[in-house]
Amino acid sequence: MPSVVTVPAEAQAGSNFNANRATEAYLAQIPPDAKARSDSYFQGGYWLILWDFLYAVAVALLLLNLRWSAKFRDVAERITRLKPLQTFLYWCQYAIIAFVLSLPISIYEGYLREHKYGLATQTFGPWMGDQLKALLLSVVLGGLVVTALFGIVRRLRETWWIWGAVVTFIFFTIGVLISPVFIAPMFNTYKRLDDPKITGPILSLARANGIPVRDVFKVDASRQSTRMSANVSGLGGTMRITLNDNLLNRASPEEVQAVMGHEMGHYVLNHVYKLLLFGGVIIFLFFALLRWGLNWSLARWGERWQVRELVDPAIIPLVFLIASIFFFVLTPITNTYVRTQEHEADMYGINASRQPDGFAQAAIHLGEYRKMSPGIWEERIFFDHPSGRNRIHDAMQWKAENIALMESHGEK
Ligand SMILES: [Zn+2]
């Protein structure tokens, strides 16, 4: 993508400004080879949704049918008689083996493919280091969740799925709220920005939108990738605005303001809390399906897998098998939910920042890894953000409706 996107002649404010023409003029700035590359990267992602799903199913079936899962449980039972500890020891073995079996597809998807498209900056060693850190987190935090859930199944044989959903929802909420403050810093370095030239306009935009924040942080996202991003995160004392270094290094000041307006939109519109509510509904539906799916499968294949009953931790691969099917089928719905929120944040951001051209520039930069002009259904099914074309059009429509404002402020 062009690193500096200028405002094309057709998008300059004037009496014959037209949103459609301005949109096309912006899109015309993308060189054909950059477009082909981005389309190919993003469309490959559609297939990855399918391959990831089939791969996860294969791993689960392997662990069950070869009775490895049953053997992990036997090992755990031999080490201790304490049920919660048995569950945790089973989980350690499962998490490590599932990680190892999934390595081929994660290396292709997360490392080789990202490098092929010039989106990754890490060499293999540090990349693998991050994967191992994530594995350790999954062993410890996942182990905590799984041990709690099996405790519930052992005590509440009839209503476990309701209480399981409640406890999972509580863990999910804690995870969403603490991860920007406690988990993300394990993978990247956060530094307070002191340059008033950068922080001044951002904090001014925050004050103008009633956001009680005093600090702006920079995160070294360039350690992993070339993607630009920012966010508003935390609660109370930990409230902060974070810009990643790719955004700071590559974006124009107008573009930074437009992106910050978008992120502030997420905050002001309470998107995190709405997402938690949506997540709660999904978790509840999942547990209802799980109750039925586990009983149905155990009745048919329980003996063959040597999985005894619901309280047996050896059932875990089956839980992940059902989860894979559930979330695969739900992909268009979760994408549409998130994309709708993103569109709301877009509109809020354009209104707050009054930088339609900065917004169009950002849409083009983000087009490095997201197809710019998909079909209607393609966008509805596969996109978790509005497409670049729609984002530019939204910005240009706003500019058309506010043309007097744009003209009196002079073209930027
Ligand atoms: Zn967003």
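**Close-up views of a predicted model**

View 1. V219 stands opposite N244 in β4. This is a predicted model: local features need pLDDT of at least 70, side-chain atom pairs count only at pLDDT 80 or more, and totals for chains, interfaces and linings use all residues. Residues are numbered from 1 along each chain as its sequence is written, and side-chain values use heavy atoms, without hydrogens or water. Strands (E, at least two residues) and helices (H or I, at least four) are DSSP runs, numbered from the N terminus. β2 (residues 216-219) and β4 (residues 240-244) pair in the parallel sense over four bridges; pairing requires at least two DSSP bridges. The open sheet runs β1-β2-β4-β3, with mixed pairing. Its edge strands are β1 (190-192) and β3 (230-233).

**View 2. Helix α4 and its kink.** α4 has 34 residues and reaches 47 Å from first to last C-alpha, close to the 50 Å expected at 1.5 Å a residue. The expected span is 1.5 Å times one less than the number of residues. A kink of about 55 degrees lies at L103, shortly before P104. Such a bend is the angle between axes fitted to the seven residues ending at a residue and the seven starting there. Just after α4, G118 takes a positive phi of about 70 degrees.

**View 3. Helix α5.** The end C-alpha atoms of α5 (residues 124-155) are 45 Å apart, which agrees with the 46 Å that its 32 residues should span at 1.5 Å each. A kink of about 30 degrees is centred on G142.

**View 4. Surroundings of L318.** L318 touches L64, L294, S297 and W305, leaving aside residues up to four places away in sequence. Contact means heavy atoms within 4.5 Å.
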